[in-house]
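User: I'd like to learn how to read salt bridges and cavities in a model. Could you walk me through them?

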Amino acid sequence: MAPRITVIGTGYLGATHAAAMAELGFEVLGLDVVPEKVEMLSRGQVPMYEPGLEELLGRHVAGMEGSSGRLRFTTSYPEVAEFGDVHFVCVNTPQRHGEYACDMSYVDAAFESLAPLLNRPALVVGKSTVPVGSAARLAKRLAELAPAGTDVELAWNPEFLREGFAVQDTLHPDRIVAGVRSEHAERLLREVYAQPLAEGSPFVVTDFPTAELVKTAANSFLATKISFINAMAEVCEAADGDVVKLAEAIGHDDRIGRKFLRAGIGFGGGCLPKDIRAFMARAGELGADQALTFLREVDSINMRRRGHMVELTRDAVGGALLGKRIAVLGATFKPDSDDVRDSPALNVAGQLHLQGAQVTVYDPKGNRNAQTIFPTLAYADSALEAVGGADVVLHLTEWREFRELDPERLGEAVSVKHLLDGRNALDPELWRKAGWTFRALGRPTA
Ligand code: UDX
């Protein structure tokens with residue numbers, strides 16, 4: 001019989017994983033400690049914007065018309081322990097307040113709640129991004145707490161999904177990493193992922209520490225790539241070069257590749273910034289901090305971008321921000337998401353506001369979340385509304401609808417036709433032809 005699956009924690013990762021597992025044909029029970037989340041998901045509604053996820057849920061949530069009925073949600077650990085053969089732990093590991101290290105309290109709580117209830121054979125699979133060494137520690141905890149003893153095992157199976165592509169990345173992963181200590185655990189994971197494996201997803205079997213490190217190493221590499229091109233943008237600005245052309249040219253070398261070389265206001269979100277910091281903190285604990293000091297530079301190049309955008313804006317409005325009307329297009333940390341966690345766009349908008357500018361923000365999906373964090377900014381329902389009377393327009397998240405804006409039409413609404421592209425995603429020629437002063441990070445001024 002196919003293993004029955006539970007998913008503990010139903011955030012971006014868990015909700016997507018649960019729906020994907022149901023799509024792959026398994027009976028799935030998702031758990032969250034927040035009853036409102038469980039109620040929403042049980043109605044087939046997703047607490048965040050993620051393309052395709054609501055449709056996927058709708059196809060499987062029990063009680064929804066025409067659904068497979070394979071997916072249910074609960075707040076009960078005993079129910080989960082009773083139901084599952086494979087338990088995926090998908091809770092978040094945010095940055096600890098005032099520290100670089102990550103906060104393991106949700107992961108620890110999940111293990112402490114589940115383990116004492118495991119009376120029958122089960123594989124617990126960690127998916128959360130954790131400091132290396134956590135899996136070994138948690139395996140020990142499982143052995144101490146689980147009544148079923150050695151019939152309960154741990155595996156570490158990091159998740160690489162990108163927001164905005166979460167469904168696609170979960171159903172068709174570009175690799176599956178399985179940190180295991182036994183053939184049995186490996187076999188069970190191969191069974192769970194039989195479909196993507198049959199489609200050709202590579203399956204990399206490792207020990208616990210390597211599996212944990214794969215995730216943080218991958219995110220560190222991506223962050224480094226972005227900060228590299230942003231450092232080049234700084235040099236380009238000093239030397240009157242064009243970082244977009246430079247990225248295109250070096251990207252033709254397939255050892256370098258074109259992806260993740262878009263210069264702009266840098267990376268944000270719930271993963272890259274906190275993951276590189278937690279990685280540095282962990283390396284420090286292990287006495288390997290020297291190996292990762294470069295990540296400190298990666299982080300500071302990234303944070304510098306935000307300040308630089310503020311300075312460019314100040315220049316654009318003649319040297320003083322006080323009372324200036326600024327339109328900000330984009331609030332989320334990337335397009336196709338409503339996530340504003342550590343969003344460079346919102347950070348820039350906030351800094352401008354705190355320095356006395358009158359900032360109006362428009363984001364296709366992120367207004368509501370942004371409003372919760374920055375209620376003092378003004379919010380508009382469209383790009384056109386946001387730019388009304390603006391002294392300068394800032395393009396800070398590269399939503400498709402911003403690329404399709406009509407420079408002529410916007411030109412009639414603003415007070416001054418001045419545009420700063422913080423994402424290098426708009427066509428300078430198009431805007432300049434319509435009479436705009438157009439500036440982009442790391443590109444020549446005209
Ligand atoms: C990331 C990893 O890609 C994913 O594999 C991991 O599982 C979780 O963290 P995500 O946070 O969804 O995913 O976003 P990602 O697409 O990596 O983008 C991160 C940030 O980098 C965004 O703010 C984006 O705007 C920025 N970015 C990306 C750039 O500034 N330039 C680029 O060229 C690419």
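Analyst: We'll take the salt bridges, then turn to the cavity. Keep in mind that this is a predicted model.

User: Fine by me. How many salt bridges does a search of the whole structure find?

Analyst: The general idea is to look for a side-chain nitrogen of Lys or Arg within 4 Å of a carboxyl oxygen of Asp or Glu. Here, that search turns up 27 salt bridges. One of the pairs is Arg341 with Glu163, at 3.2 Å from N to O. Arg341 sits in the loop between β9 (325-329) and α14 (344-354), and Glu163 in the loop between β6 (152-156) and α7 (166-171), so the bridge ties together parts that are 178 residues apart in sequence.

User: Are those two side chains buried or exposed?

Analyst: The label for burial goes to anything under 20% relative accessible area. Glu163 comes in at 8%, so Glu163 is buried. Arg341, at 38% relative accessibility, is partly exposed.

User: And which residue forms a salt bridge with Arg304?

Analyst: That's Glu234, with the closest N and O atoms 3.0 Å apart. This pair also links distant parts of the chain, with Arg304 in helix α13 (residues 293-316) and Glu234 in helix α10 (residues 208-239), 70 residues apart. Both count as partly exposed: Arg304 has 39% relative accessibility, and Glu234 has 30%.

User: What about Arg423 and Glu398, are they buried or exposed?

Analyst: Arg423 is buried, and Glu398 is too. They form a salt bridge, with 3.7 Å between the closest N and O atoms. Arg423 is in the loop between β13 (418-421) and α19 (428-433), while Glu398 is in the loop between β12 (392-395) and α17 (400-403), 25 residues apart. Bridges can also join up: Glu112, Arg141 and Glu144 are linked in a network.

User: On to empty space, then. How do I read that?

Analyst: Rolling a probe the size of a water molecule over the atoms shows where empty space is left. In this structure there is one cavity of 30 Å³ or more. The largest cavity has a volume of about 80 Å³.

User: Which helix gives the most to its lining?

Analyst: Helix α12 (residues 272-285) does, with four residues. The lining of the largest cavity includes Lys274, Asp275, Ala278 and Phe279, along with Thr93, Cys102 and Thr216, among others. By residue type, the lining divides into six nonpolar, three polar and two charged. Domain 1 (5-206) and domain 2 (211-446) each supply at least three residues to the lining of the largest cavity.

Key:
Residues numbered from 1 in each chain as written. Heavy atoms only, no water. Helix = DSSP H or I, 4+ residues; strand = E, 2+ residues; numbered from the N terminus. Buried < 20%, exposed > 50% of the residue type's maximum accessible area, 1.4 Å probe, protein only. 1 Å grid on protein atoms, 1.4 Å probe; cavity = no way out; pocket = protein on both sides within 12 Å on 5 of 7 lines; lining within 4 Å. Points joined across faces, edges and corners; volume = space filled by probe spheres on them. Nonpolar A, V, L, I, M, F, W, Y, C, P; charged D, E, K, R; others polar. Domains from an automatic or database assignment.
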